[in-house]
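Hi everyone, thanks for making the time. Let me put the chain up on the screen, and then we can walk through it together.

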Amino acid sequence: MNIVVVGTGYVGLVTGTCLADLGHRVTCVDIDARKIDFLKRGTSPIYEEGLEALIQKNIHLGNLLFFTSLTSAVSDAEIIFIAVGTPSDVSGKADLQYVYAVANELGQCLDHNVIVVNKSTVPVGTAAEVGRMIAQNFSGACEVVSCPEFLREGTAVNDFFHPDRIVLGVRSRAAEDVMLKVFEAVQCPKVVTTVESAEMIKYASNAFLATKISFINEIANICERVGANVEEVAYGMGLDSRIGNKFLRAGIGYGGSCFPKDIRALNQIAGINGYDFKLLKGVIEVNNNQRLLAVEKLNRLTGGLRGKTIAMLGVAFKSNTDDVRESAAIDISELLLERGVRYLRTHDPAALMNAKKILDKRVALFEDPYAMVQGCDGMMLATEWEQFRHLDWQKIRSMMRTPVLVDGRNLLDPVRMQRLGFLYDSIGRTLTASPSSQFKTNRVVVREGNK
Ligand SMILES: NC(=O)c1ccc[n+]([C@@H]2O[C@H](COP(=O)([O-])OP(=O)(O)OC[C@H]3O[C@@H](n4cnc5c(N)ncnc54)[C@H](O)[C@@H]3O)[C@@H](O)[C@H]2O)c1
């Protein structure tokens, strides 16, 4: 099928490239001419495992084209995906200006019947509004479908080919058939709903996942007070199939380009519809508080942050991505500077370039983690990159002025860190909690037959 994808960010580029790999003819469009230049040469502007190779393969096969002009791209399109950003505005509302700009432009340049698919995360009613906007200038048939995206940055390509489900919000049987054909080769449940339900499924899913994170963070905070270990607790909880073990990892809270803005947007949608979503407000408050608690731990262990040199290990909002949007590390860097940290340094394996654009200019960026820690009074581990686990921690301990380490992601083994001589703290893990030394953090030993 001939498909156009508007927006080549994390969602648009992955969707467009993977649809091309399924055998569709895909044209990706972006107003960012620099990005399109990169892409035409087969270079991915984002860090996403396996993506660049797929882009190059499908350019070579002639399945994947990159344009800056929407008008030229849509001339023989059957389906047009909208995958532009929907950031928060100052009130927390989803800012739909980019979606509406595409809708307006489509209205002006369409000259044949198409299906428009909204992949951006948008409030209920947006697909209908996009349809109205297109219809102002285009009198042909154009059904607007909702197909929300659930990919996770870091595993986005794999998530495209092996999703838990594909949600298709449609108004007609014809649109349903076309959308099922687009994703025919992807084996997963296809959930066909009304457009409004599809739009809501996306927000409800993200809100639920964020609730799980804030819930386990609250449990972690109680664990610290009662001498329990949140990892043992989460493991024990997660074995219950009604609960599940995902998103039960305590730490400095969620961040990224989706959860914070989507949770705020749902809270705002509830508000303007006369509903006080108390639970969601609590989720947001707990999440903000986790950053403060971690900074407080560092403050206590360093004997006060004022005038200190602090290292922040990791700045991406999670591992395996270069995305720093609403990263917990960014919030923490601001809190540390507010508390009077004199020199703040950071290292990240992939996100330094993006971090440079939004971090306070006082934060020094280091390509080498060992160079960063030299002479530091304390360190905050803020992103759960697997390679951080394998750093030479003995060397790091010897290079720091005072070996204070707050592990905001519960990545490292507390017993080992203390043995190495670190003044170490993490989130909700009481060291003496397990009666068995076989319980290693992050590696739970299950005794079979002991149910
Ligand atoms: N990033 C994720 O992990 C993720 C996951 C699920 C859903 N989503 C949702 O998908 C949407 C897109 O997110 P993203 O992270 O890919 O955004 P992004 O900011 O990475 O990319 C958006 C792209 O759209 C382009 N763009 C803006 N206006 C345009 C226009 N008029 N014409 C052509 N291109 C235009 C921008 O230049 C940019 O390249 C958002 O609604 C987001 O909430 C994102």
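The protein chain splits into domain 1 (2-193) and domain 2 (196-450), with bounds that come from an automatic or database domain assignment. Before going further, a word on ground rules: this is a predicted model, where local features need pLDDT of at least 70, side-chain atom pairs count only at pLDDT 80 or more, and totals for chains, interfaces and linings use all residues. Residues are numbered from 1 along each chain as its sequence is written, and side-chain values use heavy atoms, with hydrogens and water left out.

Back to the two domains. Taken over C-alpha atoms, their centres are 33 Å apart. How many residues of domain 1 are in contact with domain 2? There are 31 of them, and they meet 25 residues of domain 2, where contact means heavy atoms within 4.5 Å.

Now the chain as a whole. It has 18 helices and 14 strands; these are DSSP runs, numbered from the N terminus, with helices being H or I of at least four residues and strands E of at least two. Along the principal axes, the C-alpha atoms fill a box of roughly 70 × 45 × 45 Å. Of the 451 residues, 53% are buried, and here buried means under 20% relative accessible area, exposed over 50%, and partly exposed in between, using a 1.4 Å probe and protein chains only. If you take contacts between residues at least 6 apart in sequence, 73% join residues at least 24 apart.

Next, the empty space inside. Rolling a probe the size of a water molecule over the atoms shows where empty space is left. On a 1 Å grid over the protein atoms alone, a cavity is a set of points where a 1.4 Å probe fits but cannot get out, and lining residues have an atom within 4 Å of a point. Grid points are joined across faces, edges and corners, and a volume is the space filled by probe spheres set on the points. By this rule we get 1 cavity of 30 Å³ or more, and the largest cavity holds about 50 Å³.

Where does the largest cavity lie? It lies between domain 1 and domain 2, because both give residues to its lining. The lining is made of Asn118, Ser120, Thr121, Val122, Ser146, Pro148, Ala198, Glu199 and Lys202. Helix H9 (residues 195-226) gives the most, with 3 residues. By class, we have 3 nonpolar, 4 polar and 2 charged residues; Ala, Val, Leu, Ile, Met, Phe, Trp, Tyr, Cys and Pro count as nonpolar, Asp, Glu, Lys and Arg as charged, and the others, Gly among them, as polar.

One of those lining residues, Asn118, sits in strand E5 (residues 114-118). Asn118 counts as buried, at 2% relative accessibility. Leaving out residues up to four places away in sequence, Asn118 touches Ile82, Val99, Thr126, Val145, Ser146, Cys147 and Pro148.

Another buried residue to look at is Cys18, with 0% relative accessibility.

Moving on to helix H13 (residues 328-338), which is mostly covered: 8 of its 11 residues are buried. Among them are Ile330, Ile332, Leu335, Leu336 and Leu337. What covers the buried residues of H13? The cover includes helix H12 (278-302), strand E9 (309-313), strand E10 (343-347), helix H14 (352-358), strand E11 (363-366) and strand E12 (378-381).

Last stop, the backbone angles. Most residues other than glycine have a negative phi. Glu326, not a glycine, has a positive phi of about 50°; Glu326 is in the loop between E9 and H13 and counts as partly exposed at 34% relative accessibility. Phe247 also is not a glycine, and has a positive phi of about 60°. You will find Phe247 in the loop between helix H10 (230-238) and helix H11 (259-272), partly exposed at 33% relative accessibility.

That's my tour, and I'm happy to go back to any part of it.

Methods. On a 1 Å grid over the protein atoms alone, a cavity is a set of points where a 1.4 Å probe fits but cannot get out, and a pocket is an open set with protein on both sides within 12 Å along at least five of seven lines; lining residues have an atom within 4 Å of a point.
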